[in-house]
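Good morning, and thank you for the time on today's agenda. I would like to walk through one structure with you, and I ask that you keep the display in view.

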Amino acid sequence: PPVGTTVLQTVDVAVHYGGIKAVDGIDLTLESGRILGILGPNGSGKSTLLGAITRLVPLTRGRVLLDGGDYSRTPASRLAHRGIARTFQTVRLLPDLTVLENVQLGADLRLDRASRWRELVRRAVSAPVAEAIERTGVGDVLDLRPGELSYGTARRVEIARALAGRPRVLMLDEPTAGMNQPERIEVAALLRRLRDEGLTQLLVEHDVQMMVDTCDRLLAMNQGRHVAEGAPGDVVRDPTVQEAYLGK
Ligand code: ADP
Ligand code: MG
């Protein structure tokens, strides 16, 4: 689809845990080939919102739409087939598998059952897997297990796994948390390259400068609610955002 076409939308999405309104009425739109950033202090509902969009967290209210179709009741396991991939705030790699096997898993999830069997029979490293490994620079650690990796490298393996299925939409929850500065700059550059190739992204990140440099639009949240939205420079200068997020 042309850049700027609506790919994914949330309509009045809410997730309540008893009295805690983790997310409380969020409308957002992901446009094709663009990066939307979600900014907000700790506990403002960013991860819960990503969970709701990726169907891992049940909705209390509202709808999620993909290509205009409601997928509010589609199980999370089906979303990979539809080209939605994500990474988690806390790395979730399978500890007993090697790095290569973990990345391969991301490609396998994208296939339906029949083609998965065909793929298993072929079982060479497929082009998307090789490309994901190359782009994230994890080629030197393919035989290691997650427990043997530095934190920054484990995070890159997670990104590789998400890319291995050649997703149309990629959602990243604090992908550079725990990375050093050169690693963060590298990840930001990778996300921008992927965007320029047409990959639609939703990015949650604490580093405000990285968000301004990387995102096309920002949506700021506080206490589960929308506080500002627009061009990154405008959103970070917004007085409400300054107060809620930057403590000024
Ligand atoms: P963020 O990612 O912006 O730091 P979260 O989405 O993790 O925020 O959390 C938003 C709020 O919801 C917090 O107050 C958090 O404690 C609460 N919360 C998140 N998950 C749960 C849960 N499973 N049960 C109860 N409360 C939760
Ligand atoms: Mg979070």
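Let me begin with helix 7, in which Val187, Ala188, Leu191 and Arg195 are buried. Seen down the axis of helix 7, these buried residues fall within an arc of 100°, so they line one face of the helix. Please bear in mind throughout that this is a predicted model.

What do the buried residues of helix 7 pack against? Their partners are strand 3 (35-39), strand 8 (200-204) and helix 8 (208-214). On the other side of helix 7, Pro182, Ala189, Arg193 and Asp196 are exposed.

The length of the helix can also be checked. Helix 7 has 16 residues, residues 181-196, which at 1.5 Å a residue should span 22 Å; the end C-alpha atoms are 23 Å apart, and this agrees with the expectation. After helix 7 comes Gly198, with a positive phi near 110°.

I turn now to the ligand. Which residues are found around ligand 1? They are Tyr17, Ile20, Ala22, Gly40, Asn42, Gly43, Ser44, Gly45, Lys46, Ser47 and Thr48.

As for the elements involved, strand 2 (20-31) and helix 1 (46-53) each supply at least two residues of the shell around ligand 1. Helix 1 provides the largest share of that shell, three residues.

That concludes the two regions I wished to present, and I welcome your comments.

Conventions
Residues numbered from 1 in each chain as written. Chains lettered and ligands numbered in written order. Predicted model: local features only at pLDDT ≥ 70, side-chain atom pairs only at ≥ 80, totals over all residues. Helix = DSSP H or I, 4+ residues; strand = E, 2+ residues; numbered from the N terminus. Expected span 1.5 Å × (residues − 1). Buried ≥ 20, exposed ≤ 12 C-beta atoms within 10 Å, placed from the backbone. Arc of directions from axis to C-beta. Contact = placed C-beta atoms within 7 Å. Near = placed C-beta within 6 Å.
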